[in-house]
Amino acid sequence: MPTTRETILSALTDLLSTIPHVAVLRGEVLPERIPPAGLIILRDGNPGEPSVTLSPLTYHFQHQAELEVIVQSTTDRNALLDAIVGQIGAVIAVDRTLGGLCDWIEPEAPEPVDLPVEGGASLKAAIVVVVLHYSVANSFE
């Protein structure tokens, strides 16, 4: 039986996969070719140190998962990246609890970066931290 953390990260991957035409990977290395519509790579991130309440014993996490959003284009990379980041925000806004698995999901502002590629179209990328608020009975869940 998967842990709560794994269930939530899988559900987030499934939710991001509803963005049309954008490939979504989880924990993969950056591929040699970026799909024309862009790519999102979900990194599991860090669950951090939980806060604890007693009676019943409950661990409250603010897990910071990271989304690497990457586009490669010779024209209008900024607009393409912005469109994907906007779609991420839109799909998360539709279901901020992942069907009740989380208490709340909150994406943070993207951190964009330009990545030159020798002999090819440059990459435009952004890191979007997604904070997953959830509570579990065991800290290792």
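Is Lys124 buried or exposed? Select Lys124 in this predicted model: Lys124 is buried, because its relative accessible area is 11%, below the 20% cut-off for that class.

**Stop 1**

**Stop 2: Glu6, Arg26 and Asp44**

Next select Glu6, Arg26 and Asp44. Salt bridges with shared partners join these three residues into one network. A search of the whole structure gives 6 salt bridges.

**Stop 3: Arg43 and Glu68**

Now select Arg43 and Glu68, another salt-bridged pair, whose closest N and O atoms lie 3.0 Å apart. Arg43 is in strand E2 and Glu68 in strand E4; the pair is 25 residues apart and links distant parts of the chain. Arg43 counts as partly exposed, at 23% relative accessibility.

Stay on Glu68 and show its surroundings. Leaving out residues up to four places away in sequence, Glu68 touches Leu39, Ile40, Ile41, Arg43, Ala126 and Ile127. The side chains of Glu68 and Arg43 are also joined by a polar contact of 3.0 Å.

**Stop 4: Glu106 and Arg96**

Select Glu106 and Arg96. This salt bridge has its closest N and O atoms 3.5 Å apart. Glu106 sits in strand E5 (residues 104-107) and Arg96 in the loop between H2 and E5, 10 residues apart, and the pair links distant parts of the chain. Glu106 counts as partly exposed at 33% relative accessibility, and Arg96 counts as partly exposed at 21%.

**Stop 5: helix H1**

Finish with residues 4-16, which make up helix H1. The helix has 13 residues and reaches 18 Å from its first C-alpha to its last, close to the 18 Å expected at 1.5 Å a residue.

Which residues of H1 are buried? Colour Ile8, Leu9, Ala11, Leu12, Thr13, Leu15 and Leu16: these are buried. In an α-helix there are 3.6 residues a turn, so residues three or four places apart point the same way.

To see what covers the buried residues of H1, display strands E1 (23-26), E2 (39-46), E4 (58-72) and E7 (123-136) together with helix H2 (77-94), which are included in the cover.

Technical notes: Residues numbered from 1 in each chain as written. Predicted model: local features only at pLDDT ≥ 70, side-chain atom pairs only at ≥ 80, totals over all residues. Heavy atoms only, no water. Helix = DSSP H or I, 4+ residues; strand = E, 2+ residues; numbered from the N terminus. Expected span 1.5 Å × (residues − 1). Buried < 20%, exposed > 50% of the residue type's maximum accessible area, 1.4 Å probe, protein only. Contact = heavy atoms within 4.5 Å. Polar contact = N/O pair within 3.5 Å; in protein donor to acceptor, adjacent residues only side chain to side chain. Salt bridge = Lys/Arg side-chain N within 4 Å of Asp/Glu carboxyl O.
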